[in-house]
Amino acid sequence: MKKVVLTGGGTAGHVTPNIALMPELKKRGYTISYIGSYEGMEKDMITETGTPYYGIATGKFRRYFDLKNFTDPFRVIKGYFEAKSHLKKLKPDVIFSKGGFVAVPVVRAASALKIPVIIHESDMTPGLANKICIPCAKKVCCNFPETMQYLPEDKAVLSGSPIRKELFEGSTAKGLDFCGFNDKKPVLLIVGGSLGAVAVNNAIRAILPELLKGYQVIHLCGKGKTDASLNGIPGYVQYEFIKDELRDLMAAADVVISRAGANAICELLALRKPNILIPLPAGSSRGDQILNAESFKKQGFSYLLPEEDITNEKLLAIIHEVYENRASYEKAMAASNQNQAIDIIVGLIEELSK
(Lines give C-alpha, C1' and ligand atoms only; values in the text may rest on other atoms or scores of the structure.)
Protein backbone atom coordinates (compact mmCIF):
# COMPACT_ATOMS: atom_id res chain seq x y z
CA MET A 1 0.00 0.00 0.00
CA LYS A 2 1.39 3.36 -1.05
CA LYS A 3 1.34 6.03 1.67
CA VAL A 4 1.41 9.81 1.49
CA VAL A 5 1.37 12.41 4.26
CA LEU A 6 -0.10 15.82 3.47
CA THR A 7 0.66 18.89 5.54
CA GLY A 8 -0.03 22.61 5.59
CA GLY A 9 -2.15 24.99 7.59
CA GLY A 10 -2.80 28.38 9.09
CA THR A 11 -5.26 29.53 6.43
CA ALA A 12 -7.80 27.80 4.22
CA GLY A 13 -5.51 28.45 1.26
CA HIS A 14 -2.96 26.09 2.80
CA VAL A 15 -5.55 23.33 3.18
CA THR A 16 -8.04 23.31 0.29
CA PRO A 17 -5.42 22.35 -2.34
CA ASN A 18 -4.52 19.33 -0.21
CA ILE A 19 -8.19 18.38 -0.06
CA ALA A 20 -8.38 18.78 -3.84
CA LEU A 21 -5.62 16.17 -4.27
CA MET A 22 -7.27 13.53 -2.09
CA PRO A 23 -9.74 11.96 -4.57
CA GLU A 24 -7.05 11.36 -7.21
CA LEU A 25 -4.59 10.03 -4.62
CA LYS A 26 -7.20 7.58 -3.33
CA LYS A 27 -8.02 6.58 -6.90
CA ARG A 28 -4.36 5.69 -7.40
CA GLY A 29 -4.27 3.54 -4.27
CA TYR A 30 -2.69 5.84 -1.70
CA THR A 31 -3.37 5.76 2.01
CA ILE A 32 -3.53 9.41 3.10
CA SER A 33 -2.65 10.91 6.49
CA TYR A 34 -2.44 14.57 7.50
CA ILE A 35 -0.16 16.36 9.96
CA GLY A 36 -1.26 19.82 11.12
CA SER A 37 -1.38 21.95 14.23
CA TYR A 38 -3.30 20.89 17.33
CA GLU A 39 -6.15 23.38 16.96
CA GLY A 40 -5.66 25.19 13.63
CA MET A 41 -8.46 25.56 11.10
CA GLU A 42 -6.90 22.72 9.13
CA LYS A 43 -7.94 20.26 11.85
CA ASP A 44 -11.67 20.74 11.29
CA MET A 45 -11.33 20.93 7.51
CA ILE A 46 -9.35 17.70 7.30
CA THR A 47 -11.29 15.66 9.86
CA GLU A 48 -14.46 16.47 7.88
CA THR A 49 -12.94 14.47 5.00
CA GLY A 50 -12.43 11.41 7.20
CA THR A 51 -8.64 11.58 6.79
CA PRO A 52 -6.55 10.50 9.81
CA TYR A 53 -5.20 13.66 11.45
CA TYR A 54 -2.12 14.07 13.64
CA GLY A 55 -1.50 17.26 15.60
CA ILE A 56 1.84 18.84 16.44
CA ALA A 57 3.02 21.97 18.22
CA THR A 58 3.87 24.84 15.91
CA GLY A 59 5.04 28.43 16.08
CA LYS A 60 5.29 31.35 13.70
CA PHE A 61 8.47 33.01 12.43
CA ARG A 62 7.78 36.73 12.54
CA ARG A 63 9.74 39.51 10.83
CA TYR A 64 8.64 41.99 13.52
CA PHE A 65 9.02 42.25 17.30
CA ASP A 66 6.62 40.15 19.31
CA LEU A 67 7.03 38.51 22.71
CA LYS A 68 6.03 35.20 21.11
CA ASN A 69 9.27 35.34 19.14
CA PHE A 70 10.96 34.22 22.37
CA THR A 71 8.68 31.20 22.93
CA ASP A 72 7.65 30.04 19.46
CA PRO A 73 11.09 28.61 18.51
CA PHE A 74 10.68 26.11 21.35
CA ARG A 75 7.22 25.18 20.03
CA VAL A 76 8.73 24.62 16.58
CA ILE A 77 11.42 22.37 18.07
CA LYS A 78 8.75 20.42 19.95
CA GLY A 79 6.72 20.15 16.74
CA TYR A 80 9.76 18.83 14.90
CA PHE A 81 10.17 15.91 17.31
CA GLU A 82 6.41 15.23 17.33
CA ALA A 83 6.36 15.21 13.52
CA LYS A 84 9.37 12.89 13.45
CA SER A 85 7.58 10.50 15.81
CA HIS A 86 4.42 10.50 13.66
CA LEU A 87 6.40 9.94 10.46
CA LYS A 88 8.30 7.00 11.94
CA LYS A 89 4.98 5.32 12.73
CA LEU A 90 3.24 6.24 9.48
CA LYS A 91 6.22 5.37 7.22
CA PRO A 92 5.01 7.42 4.23
CA ASP A 93 6.59 7.08 0.79
CA VAL A 94 6.38 10.82 0.19
CA ILE A 95 5.30 14.09 1.84
CA PHE A 96 3.33 16.84 0.09
CA SER A 97 3.41 20.22 1.81
CA LYS A 98 1.14 23.14 0.94
CA GLY A 99 3.05 25.46 3.24
CA GLY A 100 2.33 27.62 6.25
CA PHE A 101 4.37 27.48 9.42
CA VAL A 102 2.84 24.20 10.57
CA ALA A 103 4.58 22.55 7.61
CA VAL A 104 8.11 23.58 8.63
CA PRO A 105 8.62 20.97 11.40
CA VAL A 106 7.04 18.27 9.21
CA VAL A 107 9.25 18.98 6.19
CA ARG A 108 12.41 19.23 8.28
CA ALA A 109 11.57 15.99 10.08
CA ALA A 110 10.89 14.24 6.75
CA SER A 111 14.26 15.41 5.46
CA ALA A 112 15.99 14.01 8.52
CA LEU A 113 14.24 10.67 7.91
CA LYS A 114 15.14 10.77 4.20
CA ILE A 115 11.48 10.83 3.11
CA PRO A 116 11.11 12.69 -0.22
CA VAL A 117 9.20 15.96 -0.01
CA ILE A 118 7.25 17.97 -2.59
CA ILE A 119 6.23 21.49 -1.60
CA HIS A 120 3.90 23.95 -3.27
CA GLU A 121 4.37 27.72 -3.30
CA SER A 122 1.14 29.59 -4.00
CA ASP A 123 2.40 33.14 -4.28
CA MET A 124 4.70 34.86 -6.73
CA THR A 125 7.66 34.88 -4.34
CA PRO A 126 8.25 32.20 -1.69
CA GLY A 127 7.12 33.05 1.82
CA LEU A 128 9.42 32.60 4.80
CA ALA A 129 8.06 29.15 5.74
CA ASN A 130 8.67 27.77 2.25
CA LYS A 131 12.10 29.42 2.06
CA ILE A 132 13.04 27.35 5.10
CA CYS A 133 11.59 24.20 3.49
CA ILE A 134 12.91 24.50 -0.09
CA PRO A 135 16.40 23.07 0.70
CA CYS A 136 14.68 19.90 1.98
CA ALA A 137 12.42 19.43 -1.05
CA LYS A 138 12.91 17.23 -4.11
CA LYS A 139 10.42 19.31 -6.13
CA VAL A 140 8.86 22.76 -5.66
CA CYS A 141 5.58 23.39 -7.49
CA CYS A 142 4.32 26.89 -8.18
CA ASN A 143 1.42 28.84 -9.68
CA PHE A 144 3.16 31.57 -11.68
CA PRO A 145 5.77 31.50 -14.46
CA GLU A 146 7.57 34.38 -12.73
CA THR A 147 8.09 32.26 -9.58
CA MET A 148 10.42 29.86 -11.40
CA GLN A 149 13.29 32.38 -11.19
CA TYR A 150 13.17 32.27 -7.38
CA LEU A 151 13.41 28.46 -7.20
CA PRO A 152 16.29 26.01 -7.75
CA GLU A 153 16.21 25.14 -11.46
CA ASP A 154 16.32 21.38 -10.88
CA LYS A 155 13.40 21.52 -8.44
CA ALA A 156 11.00 24.05 -9.98
CA VAL A 157 7.75 22.83 -11.57
CA LEU A 158 5.05 25.14 -12.95
CA SER A 159 1.92 23.26 -11.92
CA GLY A 160 -0.79 25.74 -11.03
CA SER A 161 -2.87 25.11 -7.91
CA PRO A 162 -4.99 21.99 -7.25
CA ILE A 163 -8.67 22.90 -7.56
CA ARG A 164 -11.45 21.06 -5.76
CA LYS A 165 -13.35 18.88 -8.23
CA GLU A 166 -16.74 19.99 -6.87
CA LEU A 167 -16.13 23.56 -8.07
CA PHE A 168 -16.42 22.28 -11.63
CA GLU A 169 -19.79 20.69 -10.85
CA GLY A 170 -21.72 23.91 -10.26
CA SER A 171 -25.09 24.54 -11.86
CA THR A 172 -26.00 27.93 -13.30
CA ALA A 173 -29.71 27.17 -12.86
CA LYS A 174 -29.23 26.22 -9.20
CA GLY A 175 -27.13 29.34 -8.59
CA LEU A 176 -29.79 31.63 -10.08
CA ASP A 177 -32.55 29.83 -8.17
CA PHE A 178 -30.62 30.06 -4.88
CA CYS A 179 -30.41 33.84 -5.27
CA GLY A 180 -33.92 34.31 -6.66
CA PHE A 181 -32.45 35.61 -9.94
CA ASN A 182 -33.46 35.08 -13.56
CA ASP A 183 -31.47 34.63 -16.78
CA LYS A 184 -32.42 38.01 -18.26
CA LYS A 185 -29.46 39.97 -16.85
CA PRO A 186 -25.79 38.98 -16.38
CA VAL A 187 -24.59 38.15 -12.89
CA LEU A 188 -21.78 39.95 -11.04
CA LEU A 189 -20.23 38.03 -8.12
CA ILE A 190 -18.18 39.91 -5.51
CA VAL A 191 -15.89 37.77 -3.31
CA GLY A 192 -14.08 39.66 -0.56
CA GLY A 193 -12.45 36.68 1.13
CA SER A 194 -13.46 35.06 4.43
CA LEU A 195 -12.95 38.35 6.30
CA GLY A 196 -14.50 40.49 3.58
CA ALA A 197 -13.00 43.60 2.01
CA VAL A 198 -14.36 46.82 3.47
CA ALA A 199 -13.17 49.10 0.64
CA VAL A 200 -14.66 46.78 -1.99
CA ASN A 201 -17.91 46.39 -0.06
CA ASN A 202 -18.29 50.15 0.25
CA ALA A 203 -17.53 50.75 -3.42
CA ILE A 204 -20.07 48.16 -4.60
CA ARG A 205 -22.79 49.57 -2.36
CA ALA A 206 -22.07 53.10 -3.56
CA ILE A 207 -22.74 52.16 -7.19
CA LEU A 208 -25.45 49.57 -6.51
CA PRO A 209 -28.36 51.58 -8.00
CA GLU A 210 -26.44 51.98 -11.28
CA LEU A 211 -25.17 48.39 -11.23
CA LEU A 212 -28.67 46.94 -10.88
CA LYS A 213 -29.76 48.62 -14.11
CA GLY A 214 -27.62 46.14 -16.04
CA TYR A 215 -26.63 43.33 -13.66
CA GLN A 216 -27.80 41.04 -10.91
CA VAL A 217 -25.37 41.17 -7.98
CA ILE A 218 -24.23 38.45 -5.57
CA HIS A 219 -22.23 40.02 -2.76
CA LEU A 220 -20.15 37.85 -0.39
CA CYS A 221 -19.37 40.48 2.22
CA GLY A 222 -17.45 38.69 4.97
CA LYS A 223 -18.37 37.94 8.55
CA GLY A 224 -20.38 40.74 10.19
CA LYS A 225 -20.24 42.94 7.09
CA THR A 226 -23.73 42.64 5.59
CA ASP A 227 -25.92 45.77 5.41
CA ALA A 228 -29.48 45.12 6.63
CA SER A 229 -30.77 48.23 4.85
CA LEU A 230 -30.07 46.54 1.50
CA ASN A 231 -32.01 43.36 2.20
CA GLY A 232 -34.87 42.68 -0.19
CA ILE A 233 -33.63 44.83 -3.07
CA PRO A 234 -34.56 43.03 -6.33
CA GLY A 235 -31.49 41.71 -8.14
CA TYR A 236 -29.18 42.00 -5.12
CA VAL A 237 -28.33 39.38 -2.51
CA GLN A 238 -25.67 39.51 0.21
CA TYR A 239 -24.17 36.77 2.34
CA GLU A 240 -21.43 36.73 4.96
CA PHE A 241 -20.01 33.49 3.63
CA ILE A 242 -21.08 30.70 1.28
CA LYS A 243 -19.72 27.17 1.38
CA ASP A 244 -21.64 24.37 -0.34
CA GLU A 245 -23.48 26.62 -2.82
CA LEU A 246 -20.33 28.48 -3.94
CA ARG A 247 -19.89 26.21 -6.96
CA ASP A 248 -23.39 27.11 -8.17
CA LEU A 249 -22.84 30.84 -7.60
CA MET A 250 -19.56 30.61 -9.53
CA ALA A 251 -21.33 28.81 -12.36
CA ALA A 252 -23.98 31.54 -12.50
CA ALA A 253 -21.47 34.42 -12.47
CA ASP A 254 -20.54 36.20 -15.70
CA VAL A 255 -17.93 38.46 -14.04
CA VAL A 256 -16.22 38.07 -10.66
CA ILE A 257 -14.66 40.79 -8.49
CA SER A 258 -12.15 39.28 -6.08
CA ARG A 259 -9.13 39.81 -3.89
CA ALA A 260 -6.00 38.27 -5.37
CA GLY A 261 -5.13 35.46 -3.00
CA ALA A 262 -3.31 32.77 -4.99
CA ASN A 263 -5.82 29.97 -4.53
CA ALA A 264 -8.82 32.21 -5.19
CA ILE A 265 -7.45 33.46 -8.49
CA CYS A 266 -6.34 29.99 -9.56
CA GLU A 267 -9.94 28.87 -9.09
CA LEU A 268 -11.08 31.74 -11.33
CA LEU A 269 -8.51 30.64 -13.91
CA ALA A 270 -9.62 27.01 -13.79
CA LEU A 271 -13.28 28.01 -14.11
CA ARG A 272 -12.41 30.57 -16.83
CA LYS A 273 -14.31 33.37 -15.14
CA PRO A 274 -13.61 36.91 -16.41
CA ASN A 275 -12.55 38.83 -13.34
CA ILE A 276 -11.48 42.10 -11.77
CA LEU A 277 -8.78 41.69 -9.14
CA ILE A 278 -8.50 44.19 -6.27
CA PRO A 279 -5.46 42.95 -4.32
CA LEU A 280 -4.78 43.69 -0.68
CA PRO A 281 -2.65 46.87 -0.52
CA ALA A 282 1.03 46.47 0.33
CA GLY A 283 0.45 48.09 3.73
CA SER A 284 -1.93 45.27 4.69
CA SER A 285 0.24 42.37 3.51
CA ARG A 286 3.71 41.50 2.24
CA GLY A 287 2.51 42.56 -1.22
CA ASP A 288 2.04 39.05 -2.58
CA GLN A 289 -1.52 39.72 -3.80
CA ILE A 290 -0.31 42.66 -5.87
CA LEU A 291 2.31 40.47 -7.56
CA ASN A 292 -0.25 37.70 -8.11
CA ALA A 293 -2.66 40.13 -9.75
CA GLU A 294 0.05 41.67 -11.93
CA SER A 295 0.96 38.22 -13.25
CA PHE A 296 -2.65 37.41 -14.12
CA LYS A 297 -3.05 40.80 -15.80
CA LYS A 298 0.12 40.20 -17.84
CA GLN A 299 -1.18 36.81 -18.98
CA GLY A 300 -4.51 38.30 -20.03
CA PHE A 301 -6.55 36.49 -17.37
CA SER A 302 -7.66 39.47 -15.27
CA TYR A 303 -8.23 43.22 -15.01
CA LEU A 304 -6.14 44.69 -12.18
CA LEU A 305 -7.66 47.52 -10.13
CA PRO A 306 -5.53 48.73 -7.18
CA GLU A 307 -7.69 49.43 -4.13
CA GLU A 308 -6.32 52.96 -3.80
CA ASP A 309 -7.48 53.73 -7.37
CA ILE A 310 -11.13 52.84 -6.80
CA THR A 311 -13.70 55.53 -7.57
CA ASN A 312 -17.38 54.96 -8.19
CA GLU A 313 -17.14 55.98 -11.83
CA LYS A 314 -14.00 53.95 -12.52
CA LEU A 315 -15.33 50.77 -10.91
CA LEU A 316 -18.59 50.95 -12.83
CA ALA A 317 -16.76 51.56 -16.12
CA ILE A 318 -14.36 48.66 -15.52
CA ILE A 319 -17.19 46.25 -14.75
CA HIS A 320 -18.85 47.19 -18.06
CA GLU A 321 -15.52 46.88 -19.91
CA VAL A 322 -14.69 43.42 -18.54
CA TYR A 323 -18.19 42.14 -19.26
CA GLU A 324 -18.10 43.44 -22.84
CA ASN A 325 -14.65 41.89 -23.40
CA ARG A 326 -15.31 38.68 -21.47
CA ALA A 327 -14.61 36.46 -24.50
CA SER A 328 -10.98 37.64 -24.68
CA TYR A 329 -10.40 36.79 -21.01
CA GLU A 330 -12.02 33.38 -21.44
CA LYS A 331 -9.85 32.65 -24.49
CA ALA A 332 -6.63 33.55 -22.65
CA MET A 333 -7.56 31.37 -19.67
CA ALA A 334 -8.52 28.44 -21.90
CA ALA A 335 -5.06 28.54 -23.49
CA SER A 336 -3.23 28.42 -20.13
CA ASN A 337 -1.15 25.38 -19.18
CA GLN A 338 -1.67 26.08 -15.47
CA ASN A 339 -4.92 24.09 -15.28
CA GLN A 340 -3.49 20.59 -14.82
CA ALA A 341 -2.21 20.89 -11.25
CA ILE A 342 -3.74 17.70 -9.84
CA ASP A 343 -2.34 15.50 -12.62
CA ILE A 344 1.08 17.17 -12.43
CA ILE A 345 1.40 16.99 -8.62
CA VAL A 346 0.04 13.46 -8.26
CA GLY A 347 2.41 12.45 -11.08
CA LEU A 348 5.33 13.82 -9.05
CA ILE A 349 4.10 11.98 -5.95
CA GLU A 350 3.97 8.75 -7.99
CA GLU A 351 7.46 9.37 -9.34
CA LEU A 352 9.00 9.99 -5.92
CA SER A 353 7.09 7.11 -4.32
CA LYS A 354 9.03 4.73 -6.52
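Student: How many nonpolar, polar and charged residues does the lining of the largest cavity have?

Tutor: In this predicted model, that lining has three nonpolar, three polar and two charged residues, where Ala, Val, Leu, Ile, Met, Phe, Trp, Tyr, Cys and Pro count as nonpolar, Asp, Glu, Lys and Arg as charged, and the others, Gly among them, as polar. The model is a predicted one, in which totals for linings use all residues, whereas local features need pLDDT of at least 70 and side-chain atom pairs pLDDT 80 or more. Residues are numbered from 1 along each chain as its sequence is written, and side-chain values use heavy atoms, with hydrogens and water left out.

Student: Why is a space called a cavity and not a pocket?

Tutor: On a 1 Å grid over the protein atoms alone, a cavity is a set of points where a 1.4 Å probe fits but cannot get out, whereas a pocket is an open set with protein on both sides within 12 Å along at least five of seven lines. A search of the whole structure finds one cavity of 30 Å³ or more, and the largest cavity has a volume of about 30 Å³, a volume being the space filled by probe spheres set on the points, which are joined across faces, edges and corners.

Student: What makes a residue part of the lining?

Tutor: A lining residue has an atom within 4 Å of a point, and therefore T16, P17, S161, P162, I163, R164, N263 and E267 count as lining the largest cavity.
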